Structure formats: structure tokens, C-alpha cells
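I opened the model to look at how two chains meet. These are my notes, in the order I made them.

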Amino acid sequence: MTINELERIATQVRRDIIRMVHGCQSGHPGGSLGATDVVTALYFDQMDIDPAHYRMDGEGEDMFFLSNGHISPMLYSIMARRGYFPVSELATFRRLGTRLQGHPTPMEGLPGIRIASGSLGQGLSVAVGAAQAKKLNGDQHLVFVLMGDGEQEEGQIWEAAMYAPAKGVDNLIAIIDYNKKQIDGSTDDVMNLGDLRAKYEAFGWNVLELSGNNMQAVVNTLKFARENAFQGKPQLILAHTEMGMGVDFMMGTHKWHGSAPNDEQAANALSQLTETLGDY
Amino acid sequence: MEFTIQNQKDTRSGFGEGLLEAGRRNPKVVAFCADLTGSLKMGDFAKEFPNRFFQTGIAEANMIDMAAGMALSGFVPFTGTFAAFSTGRVYDQIRQCVAYSNKNVKIAASHAGVTLGEDGATHQILEDIALMKALPNMTVVVPCDFNQTKAATIAAAEYDGPVYLRFGRPKVPNFTPVDEKFEIGKAQLLQEGADVTIFACGHLVWKAVEALPILKEMGINAELINIHTIKPLDVEAVLKSVKKTRCVVTAEEHQRYGGLGDSIAQVLALNDPCPMEMVAVDDVFGQSGTPDELLKFFHLDTPDIVEAVKKVVARKQ
């Protein structure tokens, strides 16, 4: 897929995010907007997946886990646009009886969600387990996991970070949505994360960095990481992103981590995002 | 029924043998252990199936979620550590990724209760049944001796869904038949009687067996039912017995809040209220000591069951 096509998809995903969160007046737009480019590139270009024949066991395809489950609007939009379920279902986000729960779950039968997330710090461990299962099955596919940067404050992350290199889990590519913001403020103020690159390298990971809202850079780095898998080490990508990317008044602040825009703000946001694929 | 002690064995060794057997029967059975391979008796499995055994180090949260991740691909993971670290320490991991996500993970929990002994209260968890039975989708199994723990482990491997399997450290009388099939959710009638029903689980099943002849001498004909599956509870068996005996004693190595007695009390209150006494730990933490000393100290011994029966039978009259 061309970079231009990926960017067009990402723009529509951003519209979907604004409309979903506005529609139910709840959810997490900031992080969703920031991580859109990376996950769009994964689902539409870099992962070997078959949405039409979705299997819970992920056998014979790449697997993706969203550890920071609160940015679910982004994932739901991308999955719908990729064909996992009808785009029209995005209108049910966070409403009673929906398969699109506030945080992702397999329990409502939504194709493409394999495990629940929302309570932070757990996705890396799940991904390590799934990656080891692929090794046991002789399945030469990869496991991807996206984590938040604030989530790095959870101790369990570092249990998994220690395990994966120690046991040679090299079919795993973990990505940190490094927007340097969390609910209470900047990560520097809440809990200085220090040198994440050095920390992961010290734990034994190969670490890459990319500009997470530059589609060309995202695709190039993901491709590089794919090509460098199966060489004895897990890989970590620090994706430098901007929370709220694409909507001017949502950028440069942590205010939109978990707040919904009102009618006027939503209209303003949507005026900044071209409808490229048709709204749901 | 005749109760014959075949030998004295620890239930954790029953788990170890059951795991090995389950692994031989099904190549999808895998095992994780957080640095307690010897204590959990998982060494034979690790030796025979080195590729299917995962040493996680002392990192229980990571272990539970890795097991959930591996279960996605059709594997049947067992996680092994002490009951204290299998539940309270990893409650959120079990809740989100095992129970809520309904993954086929078997949580093997050893050294439960006060019979862990000298290590004391930090390790003697008495709240684990309460924690686990509160979770939707979770099955809670508490076998009573070596043979039954082995059979329960094999049954857990064959069952599709999350299972919490609780067993212990000390050597105790091994009296259930070798290779008796274990049916999850089916109460086990050990002794028919007419005057009182004793519902017991785990190590206290044998203590209840010891109480039977003492009660008989007093003229009390007790029915004994082993509730090896706390959840789902065999409600039918409970009500059938109570209809006949009209009074109940429960016996468990667990807090009285949230354990077996609590489950039985709910069934009685909702369906067929009758007098009930509970032999359980009374809202206190454990202590260091030998297993036998601790069972006496916390009133979980045979004489305590006898006293509870006398009391409840008197209340009935």
C-alpha cells in the first residue's frame, strides 16, 4: 500500500475516533489520535493477517495486542476499516449491549480481539506468551504489542521485559506509544521514565526509534523490525508520537487523554480531518 | 463405606503426577512455574517435556498473563506457585486475562491453608477460595488427598475453561480409590447418614472421616459429603442430603468468610434453611507451627468437627 493511501486511511480513522467519542460522550481521544498512524500501518501494510477468516488462535498469521486498552476507538476504527466487522457498528461504541466495549474484550464476540485489556501493564506478558506459542507450533509469524508510555510505570512490564530476552523470544515486536503524557500530566512530572531506550537495551532488547506520526518513517521502521526478527532478541520500538495528533486544540496537552469533545469542539475537530473513506 | 489409608502422601505430589499424566495424554498441555518447581512437584513434567515447561523466575504476574497468551493458541497451560502467590498477588491478571477473557488456564496452587506450617501467615493463604469463587467463569476445585488431586489435575486438563486447583504441602492420609474418575462439579458422597450432613473439602475431609466413628458412638449417624468442587457447587446434592438430615456442618481450611461454608449457607438460606455450624478459620491470620499444631490451634481438627456436629444436632432438636 502506498504511503498516501495509508495516510488517507489514518485521516478517516481520526474522524471515526472523534465521532465515536463525541457520540457517546466518553472515551479516550488523545492517545487514540496519536497512535493512529502506527496501528494503521500495522493493520493495512505490515502485518500478515486475514480478517475475512479471523481465527482466535492466530495460527498462520501475525497477531496484535493492544495493552493500553483505553485507546480502543483507534483500534475499533482500524479493525472495522480493515474488514473485521461492519463499519456501521462503530456507532455502538460504549453503548449498552455493544461488542465495542469501553475497553477491548473477547467476551462480547467481536472478531479480532483475543484478550481483554484496560488494566495496564499486562499486554506485554500476553504477547510474550503468544509469541512462545507460535514458536512451539513452528509458526513463523510475528507477535506485535502496543503499550502506552505511562504504562511503563507498571512493575509487570519489567517482569516481561526481563523474561523475553532471557528466553530468546525473538518473534516479538513491542511498540511504546511514546507521547510523554498521561492522565495527570506529562510523564516527566508524574513519574520520570528516564532513558527508556537505555533501560530496554540493558534488559537485552534491540531498540529502534521512529517518528510515530510520519507514515513513511513508521512503515520503514516496522519493515526493518520485521526483517530483523528471529535473530535471538525481542525488539522494542519507541514510537515518538503526539497525543491528539491531527486536531490542533487536542495537541500539546494531556487534557484530551480521557475527555470527549462537545458539539462545537467535535465540529471544529472534524473540519480539520478530511472525510476520505466515508463516515460510518 | 470402609475408609482404608493406602499411604501418607502430600496432595502436591498428586498434582505433580497428574500433570505428568495430563502431559502424556495431551501434547498441548504446557506448564509454567515461578521458581518453585520442587515445591510444586513439577520436576518430572519439566524433565520429560523440557520444551513445554517454562521457568518464569519469581514473576507471578508475568506468568499468569503469559499463560493466558499461550492459551490463545490452543495450549492448556498450568501455572504453578504457592496459593498465596497464585491468587492475591495476581488477582488482577487472573481477573482480566483469564476469567474475563475466559482463557483455558489452570491455576495450580500449592501450600494452601495453615498446614503449610512453619512459614507462617504471609504464606498461609486462607482467603484464596473466596477470591477465586467470586470471579465469573472460574471453576474452583479443592481435592482431598493424593489420589484425588492427581485425578482432579487430569480432569482440569480435560476441562475447557479457567480452573483454580487448590492443594497443600503436608503428607496426609491417602484414602480415595486409585484412578477414581474425577468429575468436576459433582459432590462425592463418602458416608450415608441420617442425622447431620458434614460438607468438607481439602485436608479437612479426612478429619471428618475420623469424626464419623466418634459420632457413631454418641449415637449420631452422620452423612459425609466431599465438596471437592466449590464452584460450580453441586446444589442438587446439597439439597438432597439436607432434606434428609435437616442440619449441616461445614469443614474447611479457609476463612469462614467466602469459603465452602459460605457457599453452602447461601444454598440453604435461599432454598431450605436449617441449622448450620462452620468449622473454619474465624477471621484471623495464620501463625508459625507444625501443621498438626496449627489445625488444633485454629479449631480445624477432628474434635472440633465432633463438637460442631453435637451443637448443630442439639439446635435441630
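**Helix against helix**

I started with the crossing of helix 4 of chain A and helix 3 of chain B, and found that it is right-handed. I kept in mind that the model is predicted.

I then looked up the packing: the axes of helix 4 of chain A and helix 3 (residues 60-71) of chain B are 6 Å apart, at an angle of about 45°. I noted helix 4 of chain A as oblique to helix 3 of chain B because of that angle.

Next I listed who makes the contact. Helix 4 of chain A contributes residues including Ser125(A), Val126(A), Gly129(A) and Ala133(A). From helix 3 of chain B I wrote down Asn62(B), Asp65(B) and Met66(B), among others. I sorted the residues of this contact into nine nonpolar, five polar and one charged.

**The wider interface**

I asked how many residues of each chain are in contact with the other. I got 27 residues of chain A and 22 residues of chain B. On the chain A side, helix 4 (123-137) and helix 5 (155-166) are the elements that give two or more residues. Helix 4 of chain A gives the largest share, 10 residues. I counted that side of chain A as 13 nonpolar, 10 polar and four charged residues.

**Chain B by itself**

I found 12 helices and 14 strands in chain B. Its C-alpha trace spans about 60 × 35 × 35 Å along the principal axes.

Key:
Residues are numbered from 1 along each chain as its sequence is written. Chains are lettered from A and ligands numbered from 1 in the order in which they are written. This is a predicted model: local features need pLDDT of at least 70, side-chain atom pairs count only at pLDDT 80 or more; totals for chains, interfaces and linings use all residues. Helices (H or I, at least four residues) and strands (E, at least two) are DSSP runs, numbered from the N terminus. Two residues are in contact if their C-beta atoms, placed from the backbone, lie within 7 Å. Ala, Val, Leu, Ile, Met, Phe, Trp, Tyr, Cys and Pro count as nonpolar, Asp, Glu, Lys and Arg as charged, and the others, Gly among them, as polar. Axes are lines fitted to C-alpha atoms, for helices over the stretch in contact, and angles run from 0 to 180 degrees between N-to-C directions. Angles under 35 degrees count as roughly parallel, over 145 as roughly antiparallel, 65 to 115 as roughly perpendicular and the rest as oblique. A crossing is left-handed if the near helix is turned anticlockwise from the far one by less than a right angle, and right-handed if clockwise.
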